There are 2 protein chains.
Amino acid sequence: MARVTITVCTTCRRGEPADAPDPRPGTRMLRALEAADLPEGVALRPVACLSACSRGCTIALSGGPDRWSYVYGDLDPEAHVADIVAGSAAYAETDDGLVPWRDRPVIFRKQSIARIPPQE
Amino acid sequence: MARVTITVCTTCRRGEPADAPDPRPGTRMLRALEAADLPEGVALRPVACLSACSRGCTIALSGGPDRWSYVYGDLDPEAHVADIVAGSAAYAETDDGLVPWRDRPVIFRKQSIARIPPQE
């Protein structure tokens with residue numbers, strides 16, 4: 001089964017003003033996930049922008065051509081890391097990326113920005 | 001080069017009430033694109049939901065593991081088909097899905113919901 005990737009937007013400001021001190025919330029999110037105990041087969045990938053700037057912090061969850069990909073937003077690097085880890089573990093356990101609704105963390109149920117079907 | 005797919009959400013309501021007569025705006029978008037002259041190598045794929053319901057009509061543009069994928073929203077099946085066709089043609093001409101900003105239709109510049117980097 002293909003590895004699962006959490007793509008983390010490192011430039012998300014999460015409403016902070018442009019002159020706020022570094023690091024940006026998106027970079028703090030990356031660092032918090034780097035410090036977390038990620039499930040086996042789940043890797044992090046930083047990216048400069050997921051084009052969902054009004055919904056930062058944002059991440060994308062993907063895993064090869066057979067899985068649905070998801071983009072989540074309005075994430076808090078201080079509050080949501082444990083849920084992101086749990087949600088990515090549930091996602092990694094699927095073949096198609098479709099985790100039963102009740103098994104998804106609330107942030108994944110309520111803060112989904114969009115999803116894309118598996119590659120043809 | 002991998003084929004390009006326009007994934008069309010057929011269940012988007014675009015603000016119409018639940019008891020509005022069928023077909024839904026998302027289904028009208030699919031039919032309008034089916035009737036259009038799509039660029040070579042670009043295919044349509046209907047899907048029941050892209051989880052961006054508040055931003056309907058929505059489409060996703062993808063094309064194999066080497067291209068960025070994009071989700072666009074607030075699309076009008078009566079007004080935006082020509083721009084979607086033009087934007088998908090420009091996307092299909094790239095290897096990575098990154099069309100220069102000025103070559104993107106305005107709806108793609110202003111109505112991007114999110115993007116996902118190429119599969120690892």
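**Reading the sheet and its helices**

User: In what order do the strands of the chain B sheet lie?

Analyst: In this predicted model, the open sheet of chain B has five strands in the order β2-β1-β3-β4-β5, with mixed pairing. Its edge strands are β2 (42-47) and β5 (112-116) of chain B, each of which pairs on one side only. From one strand to the next, the twist averages 20°.

User: How many bridges join β1 to β2 in chain B, and do these strands run parallel or antiparallel?

Analyst: Two strands count as paired if there are at least two bridges between them. Strand β1 (residues 4-9) of chain B is joined to β2(B) by six bridges, and the two run parallel. Cys9(B), for example, has Val47(B) in β2(B) as its bridge partner.

User: Which strands does helix α1 of chain B lie across?

Analyst: Helix α1 (residues 25-34) of chain B lies across β1 and β2 of chain B, at about 145° to β1(B). Helix α2 (residues 81-92) of chain B also packs on the sheet, where it touches β1, β2, β3 (59-62) and β4 (69-72) of chain B, and its direction makes about 20° with that of β3(B).

User: Which residues of α1(B) are buried, and what do they pack against?

Analyst: Buried here means under 20% relative accessible area. The buried residues of α1(B) include Met29(B), Leu30(B) and Leu33(B). The buried residues of this helix pack against β1, β2 and α2 of chain B.

User: In chain A, in what sense do β4 and β5 pair?

Analyst: Strand β4 (residues 69-72) of chain A pairs with β5(A) in the antiparallel sense, over four bridges. Tyr70(A) stands opposite Arg115(A) in β5(A).

Conventions: Residues numbered from 1 in each chain as written. Chains lettered and ligands numbered in written order. Predicted model: local features only at pLDDT ≥ 70, side-chain atom pairs only at ≥ 80, totals over all residues. Heavy atoms only, no water. Axes fitted to C-alpha atoms, helices over the stretch in contact; angles between N-to-C directions. Contact = heavy atoms within 4.5 Å. Buried < 20%, exposed > 50% of the residue type's maximum accessible area, 1.4 Å probe, protein only.
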